[in-house]
Amino acid sequence: MAHWPYPRLVAHRGGGRLAPENTLAAFEVGLRHGYRAAEVDAVLCADEVPVLLHDSSLERTTDGRGSVAAKTVAELAALDAGSWFHPDFANVRIPTLLQALRHCTERGIWLNVEIKPLAGREARTGQLVAEAVARFWADAGPTDLAAPLLSSFSRSALEAARRSAPQLARGLLFSSIAPDWRQALQALACVSLHCDHRKLTRALAHEITSGGYGLLCYTVNDRRRARTLWSWGVDAICTDRIDLIRATDDPGPTVAGQRRLAKGGWSAKR
């Protein structure tokens with residue numbers, strides 16, 4: 001991989017605030033706004049099929065009730081995951097990870113797949129999500145897209161993903177960047193660090209990128225803040241405001257990215 005090999009603007013949960021999150025409809029809204037990259041959340045349902053859902057329960061984003069872990073993929077597929085957002089999205093469904101991968105590959109959308117394990121299911125979720133992505137990508141054949149990047153707040157999930165599909169790149173998520181961030185990235189053979197932009201400083205951004213790691217910030221919803229972060233060497237931002245931060249705002253490769261390229265780039269660690 002050369003410097004940061006992924007898009008620098010990523011639509012949060014597919015379509016940010018403009019569509020029901022983690023749905024195929026959200027990807028289409030992102031596309032209409034020029035976004036060719038999306039972040040999504042993958043969780044296991046009762047029959048251990050990875051599906052796109054952020055919460056552990058169904059009430060907020062569907063017409064269902066209870067835990068996603070208690071529902072089969074068939075039961076989840078019958079739920080309305082769009083009406084809560086707007087009547088125009090009535091009967092939009094919860095997609096499986098496989099359906100999302102297929103749709104996005106056909107539409108030319110790169111994915112950052114966040115592994116979102118339920119408590120006690122960290123390793124199993126990391127394993128099965130990574131296996132699903134790796135299997136799909138091996139079968140998909142040549143494509144202009146980079147392979148999906150796996151990320152998670154759960155170190156156990158990322159370790160399991162590493163064991164199951166070491167060829168897939170991984171990023172470690174932080175709400176607040178822990179003092180042991182460097183050791184954690186090394187231990188999990190991650191290529192990138194993903195963090196809350198409000199907890200990042202210019203000095204820390206430089207430390208991360210000069211160490212050869214990619215740096216993604218979430219959830220950046222102000223154009224001025226996005227420009228500031230890019231001036232610090234941040235590689236990518238994930239945003240809900242795909243209507244305010246336009247795809248054309250992408251400033252191109254960072255200085256840190258150029259340095260990584262000059263040093264031979266970076267790739268998925270084993």
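**Note on the predicted model**

1. Asn 91 comes out as partly exposed, with a relative accessibility of 48%. The model is predicted, so local features are taken from residues with pLDDT of at least 70. The backbone at Asn 91 deserves a look: phi is positive, about 70°, although the residue is not a glycine. Most residues other than glycine have a negative phi. Asn 91 sits in the loop between helix H2 (73-77) and H3.

2. Ala 189 is another non-glycine residue with a positive phi, here about 50°. The setting is again a loop, the one between H6 and E7. Is Ala 189 buried or exposed? Its relative accessibility is 6%, so Ala 189 counts as buried; the cut-off is under 20%.

3. Val 191 lies in that loop too, between helix H6 (181-187) and strand E7 (192-196). Val 191 is buried, and its relative accessible area is 0%. Which residue is 21 places from Val 191 in sequence and 8.1 Å away in space? Gly 212, with the distance taken C-alpha to C-alpha.

4. Now the overall picture. The protein has nine helices and nine strands. Its radius of gyration is 18 Å, close to the 18 Å that the globule rule gives for 270 residues, so the protein is as compact as a globular protein of that length. The C-alpha trace spans about 50 × 40 × 35 Å along the principal axes.

5. Burial and contacts. Of the 270 residues, 53% are buried. Take the contacts between residues at least 6 apart in sequence: 60% of them join residues at least 24 apart.

6. Helix H1 covers residues 24-32. Its buried residues are Ala 25, Ala 26, Phe 27, Val 29, Gly 30 and Leu 31. What do they pack against? Their partners are strand E2 (37-44), strand E3 (50-52), helix H3 (97-107) and strand E4 (110-115). Just after H1 comes Gly 34, with a positive phi of about 85°.

7. Buried here are Leu 97, Ala 100, Leu 101, His 103 and Cys 104. In an α-helix, residues three or four places apart point the same way, because there are 3.6 residues a turn. The buried residues of H3 pack against H1, E2, E3, E4 and helix H4 (122-140). Gly 108 follows H3 and has a positive phi, near 75°.

8. How many aromatic pairs are there, with ring centres within 6.5 Å as the rule? The count is seven. One of them joins Trp 4 and Tyr 6: the ring centres are 5.1 Å apart and the planes stand at 85°, so the pair is edge-to-face. The cut-off for that label is over 60 degrees. Both Trp 4 and Tyr 6 are buried. Ring pairs also bring in Trp 110, giving a cluster of Trp 4, Tyr 6 and Trp 110.

9. A further pair is Phe 153 with Tyr 218. The ring centres are 6.3 Å apart and the planes are at 85°, so this pair is edge-to-face. Phe 153 is in the loop between strand E5 (149-152) and helix H5 (155-164), and Tyr 218 is in strand E8 (residues 214-218), so the pair ties together parts that are 65 residues apart in sequence. Phe 153 has 38% relative accessibility and counts as partly exposed. Tyr 218 has 16% and counts as buried.

10. Last, Ile 208. This residue belongs to helix H7 (residues 202-210). Ile 208 is buried, with 0% relative accessible area. Which residues does Ile 208 contact, leaving aside neighbours within four places in sequence? They are Ile 177, Trp 181, Leu 193, Leu 200, Tyr 213, Gly 214 and Leu 215. The C-alpha atom of Ile 208 is also 9.3 Å from that of Val 234, a residue 26 places away along the chain.

Note on methods: Residues are numbered from 1 along each chain as its sequence is written. This is a predicted model: local features need pLDDT of at least 70, side-chain atom pairs count only at pLDDT 80 or more; totals for chains, interfaces and linings use all residues. Side-chain values use heavy atoms; hydrogens and water are left out. Helices (H or I, at least four residues) and strands (E, at least two) are DSSP runs, numbered from the N terminus. The radius of gyration is taken over C-alpha atoms; the globule rule is 2.2 Å times the number of residues to the power 0.38. Buried means under 20% relative accessible area, exposed over 50%, partly exposed in between (1.4 Å probe, protein chains only). Contact means heavy atoms within 4.5 Å. Rings of Phe, Tyr and Trp (its six-membered ring) pair if their centres lie within 6.5 Å; planes under 30 degrees apart count as stacked, over 60 as edge-to-face and the rest as tilted.
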